[in-house]
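Hello,

Here is the structure I promised to pass on. My notes follow below it.

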Amino acid sequence: MTQYVYDFSQGDKDQKDLLGGKGANLAEMTKLGLPVPPGFTITTEACREYLRLGVEPGELRVQATTALRQLEDRLGRQLGDRHDPLLVSVRSGAKFSMPGMMETVLNVGLNDASVKGLAEASGDERFAWDSYRRLLQMFGKTVLDIPGEVFSDEMDKLKSAKGVTSDVDLDTDDLKGLVQAFKDAVRTHSGADFPQHPREQLDLAIRAVFKSWNTERARLYRRRERIPQNLGTAVNVCTMVFGNLGESSGTGVAFTRDPATGRAGAYGDYLANAQGEDVVAGIRNTLSLDDLAELDKSSHKQLMKVMRRLETHYRDLCDIEFTIERGKLWMLQTRVGKRTAAAAFRIAAQLVDEQMITLDEALSRVSGSQLAQLMFPRFDPSGNGDPVTAGMAASPGAAVGRVVFDSPAAVAWAGRGEQVVLVRKETNPDDLAGMIAANGILTARGGKTSHAAVVARGMGKTCVCGAEELDIDERGKAIRVAGQTVGEGDWISIDGSTGQVFLGQVPVVPSPVETYIEEGLDAACDGVDQETVQLVQAVDRLLRHADQRRRLGVRANADTAEDATRARTLGAQGIGLCRTEHMFLGERRTMIERVILADTPEDRNAALDALLPPQREDFTALLDAMDGLPVTIRLLDPPLHEFLPDRTELAVRVATARAKGEANPEDERLLTAVERLHESNPMLGLRGVRLGLVTPGLFLLQVRAIVEATCELRRQGRSPNVEIMVPLIGSVMELHLVRDEADALIEEIAAEAGLGDLRIKIGTMIELPRAALTAHRIADAADFFSFGTNDLTQTTWAFSRDDVEATLFAAYLDKGVFTVSPFETIDADGVGRLVRIAAEEGRATKPDLKLGICGEHGGDPESIHFFHQVGLDYVSCSPYRVPVARLEAGRAAVTAPPG
Ligand code: PEP
Ligand code: MG
């Protein structure tokens, strides 16, 4: 029989697939002997079965009954009993944390009878009724799909009738009235009475958690975070402990280090006399852990001890949720906490200094995308003017955009290409789409652990929260602050590193990490605060370690001397791809057009002759900028249509001229040629080596320019190191044809120049499935392979790279065909398999065959790990991604499984 239910004493932290993150860590804490209320976890497998069948598997009900009875026996109390009832919480917990995305129901087991038992047993009638109204509220919203406002409006009505602002000011009679109002609302909105039977409540709550896996916002979150849609969630059923039992009770969230900045020392928010999500919902202002120490010294001490124990055990920043019930600490959750990019680097370095982890481990704890975030610009300290207000620095970065007040507006404005900042009183999970669309998020309420802060940090998005001086009128679309009014569409700038808010567009400057990468440690540390120094030092330490450990070289894709120089500063060890067709965009386009359209050999030769000087100059500058390092120059690979005049435009011009009786012979001739060469699928047509082979002299002209540039630099005492690359090979014969001519020409020019062997390598791109599958032959004629994974993805999937991302991918991502675009992250199973085959078979023919990759995947963190495993020699990516690739290549080396 499949085991669908695990007691907390049965699992451990490594069982996240089955028990979800929360369940696995609750089990781990139980194993450590930490104070976890007893309970059990229903597996993700049960959820998947439910979603597949539409009903709970039969064994689940049976196993849940056994687990519940064991729990009851252990505690000597029964679920929903009329005297001293056992109550449970029902919480979701998937393998990957999805903050605020899924459902929780607390106080399951309360009904009209057990509420009295709870009052008696706790000696606190108000508490019992407060717990009951919370159950009705959460159950109504989560299980019965009644809009949350139905309940919050009732509550607001009552508060204003009583003239109070906070829920703690409501007395027992108020709460009894509220329970009645909530029950009425349940009947009105769901057509049935609130279920009084405790077991029915439990079963319905479990089912609601299962179903919450597939809500629209949960699916959206997973798409963005690249979490597969088919994992399902576990459900944790846990004995309730109460933070709402008066002033000696409360609930909180804490981090063992500051997740926003990485500063050492515990950080957290606590709310007395509160339960569940109160603390993150921003309903009352929270206390700090220091405040808690003053309020309840002993609980604070217990908490610090537990946090230290957890950090030692997990050897990382942990975040926790806890409840204090009448002075007794209970742990409700822990996990290795999400953190900002800056915190990730600083904490990793701190833990090395504290001798908790090795440098290799530290490297595995940071990521290329975090480094990329740290390289984003920040506000110019001299150009800021005065902030109008400040909130909490919840997620760093500098965001400038136009104010929008709700999620749909953010999506709509961003869809029109506008930069927006989403401004809300507080955010909730329904705001996710808007948060994704916005450059930054600004809220008036809530702390660093509020929904906005947690989600923004997870997304690497700038966020300022709890800017309480902002008077936000969401309906009227206006913010009033410091005597000024800001409306929808007005510019605002927010600084997620300081919490400052500015009106208008504040100019930005490079980040200190960018300065470090471009100009070195001293320049970056000059005149900045100590925290920034620590950050830059951490980045330096980990990036240097990555450079030491990585096996993959990192080159850049660059077409100009300027890009090459920049790439070199960023640490590129050569150029992996110079796209020569890029040298003929703009004004120079017609030079190629003339070659392609030439009618006679004479015309063609004249057109080719015209190409030589500019090409030679281009190459000389490029090789000079990368002197001593390898530079792979690819022979022309233009999709033909990009180099010919637009057919429709030309046809219209010709027709108009004819109609006027003013036919232009040049245009007529051009149109005939363009029509002759027109292709329905230019990407599958006369491009790459094919164009070279049907256009006599074209490739040879480029080879000549490359060789002459090399000779010129050699004569100047420089050390050019050039590799010529042939694009779009499908058969070894194509390569032989190009190579034979090219080798002869190189020899001829070298002999004339008297410079001996110029050591120019000739290799090919592997970007067609046929090339990959015949790599053992192609390797005979190639000094190196460079995988063109853009075209290889296009041709393996038959996905037009220019079209499908816009037309098809949203649907495919949603339907789970893939979790990320295969143009972004290598499709390891399909396209990657071709890369693997070609690498292995190419090297079987030629063991020292050099292998690189120059498609967009060369700068993608996940893909870099794949290329490391396949055994490539280097990746090549755009210059600005070079540092990211260096870091990821180092991470691949320290995290790859041996072998
Ligand atoms: C490729 O196809 O991956 C490649 C690098 O070439 P291009 O993008 O220029 O077609
Ligand atoms: Mg290509």
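**What I found**

Strand S21, residues 491–495, is mostly covered, with 4 of its 5 residues buried. Please keep in mind that this is a predicted model.

S21 has a partner in strand S14 (residues 398–404); the two run antiparallel and are joined by 5 bridges. Within that pairing, Arg402 stands opposite Trp491 of S21. S21 also pairs with strand S22 (residues 500–503), again antiparallel, through 3 bridges. Here Ile492 stands opposite Leu503 of S22. S21 and S22 make a hairpin with 4 residues between the strands. Gly499 in that hairpin takes a positive phi near 85°.

**An open sheet**

Strands S18, S19 and S20 form an open sheet, in that order, with antiparallel pairing. S18 (471–473) and S20 (484–487) are the edge strands; each has a single partner, so one side of each is left without a neighbour in the sheet. Neighbouring strands are turned by 20° against each other on average, direction ignored. S19 covers residues 478–481 and pairs with S20 over 4 bridges. One bridge to look at is Val481, whose partner in S20 is Gln484.

**Nonpolar cores**

Which residues touch the most other members of the largest nonpolar core? They are Phe345, Leu371, Phe785 and Leu872, in a core of 131 residues. Take Phe345 first. Leaving out residues up to four places away in sequence, Phe345 touches Val366, Ser367, Gln370, Leu371, Leu374, Leu535, Ala538, Val539, Leu542 and Leu887. There is also a second, separate core of 56 residues. Among its members are Tyr50, Leu87, Val115 and Ile146.

Gln370 lies in helix H15 (residues 368–374). Is Gln370 buried or exposed? The relative accessibility of Gln370 is 15%, so it counts as buried under the 20% cut-off. Beyond residues up to four places away in sequence, Gln370 touches Arg339, Ala341, Ala344, Phe345 and Arg365. The side chain of Gln370 also reaches the backbone nitrogen of Ser367, at 2.9 Å. For scale, Gln370 and Asp431 are 61 residues apart along the chain, and their C-alpha atoms are separated by 24 Å.

Glu888 sits in helix H37 (residues 882–895). At 1% relative accessibility, Glu888 counts as buried. Setting aside neighbours within four places in sequence, Glu888 is in contact with Ser367, Gly368, Ser369, Pro861, Ile864 and His865.

**Helix H19**

Helix H19 (residues 512–519) is mostly covered too, with 6 of its 8 residues buried. Those are Pro512, Val513, Glu514, Thr515, Tyr516 and Ile517. What covers them? The cover includes H15, strand S11 (378–379), helix H20 (521–525), helix H21 (530–549), helix H22 (561–569) and H37. After H19 comes Gly520, with a positive phi near 100°.

**Ligand 1**

Ligand 1 has 13 residues around it. Arg579, Arg634, Gly788, Asn790 and Arg801 come nearest. The following contacts each involve an oxygen atom of the ligand.

- Gly788: a backbone N or O atom lies 3.3 Å from a ligand oxygen atom.
- Asn790: a backbone N or O atom lies 2.7 Å from a ligand oxygen atom.
- Arg801: a polar side-chain atom lies 2.7 Å from a ligand oxygen atom.

**Two backbone angles to look at**

Asn273 is not a glycine, yet its phi is positive, at about 50°. Asn273 lies in the loop between strand S7 (267–272) and helix H10 (278–281). Asn273 is buried, with a relative accessible area of 12%.

Arg315 is not a glycine either, and has a positive phi of about 55°. The loop that holds Arg315 runs between helix H12 (297–314) and strand S9 (318–325). Buried or partly exposed? Arg315 counts as partly exposed, at 29% relative accessibility.

Best wishes

Methods:
Residues numbered from 1 in each chain as written. Chains lettered and ligands numbered in written order. Predicted model: local features only at pLDDT ≥ 70, side-chain atom pairs only at ≥ 80, totals over all residues. Heavy atoms only, no water. Pairing = 2+ DSSP bridges. Axes fitted to C-alpha atoms, helices over the stretch in contact; angles between N-to-C directions. Core = buried A, V, L, I, M, F, W, Y, C linked by side-chain atoms within 4.5 Å. Buried < 20%, exposed > 50% of the residue type's maximum accessible area, 1.4 Å probe, protein only. Contact = heavy atoms within 4.5 Å. Near = heavy atom within 4 Å. Polar contact = N/O pair within 3.5 Å; in protein donor to acceptor, adjacent residues only side chain to side chain.
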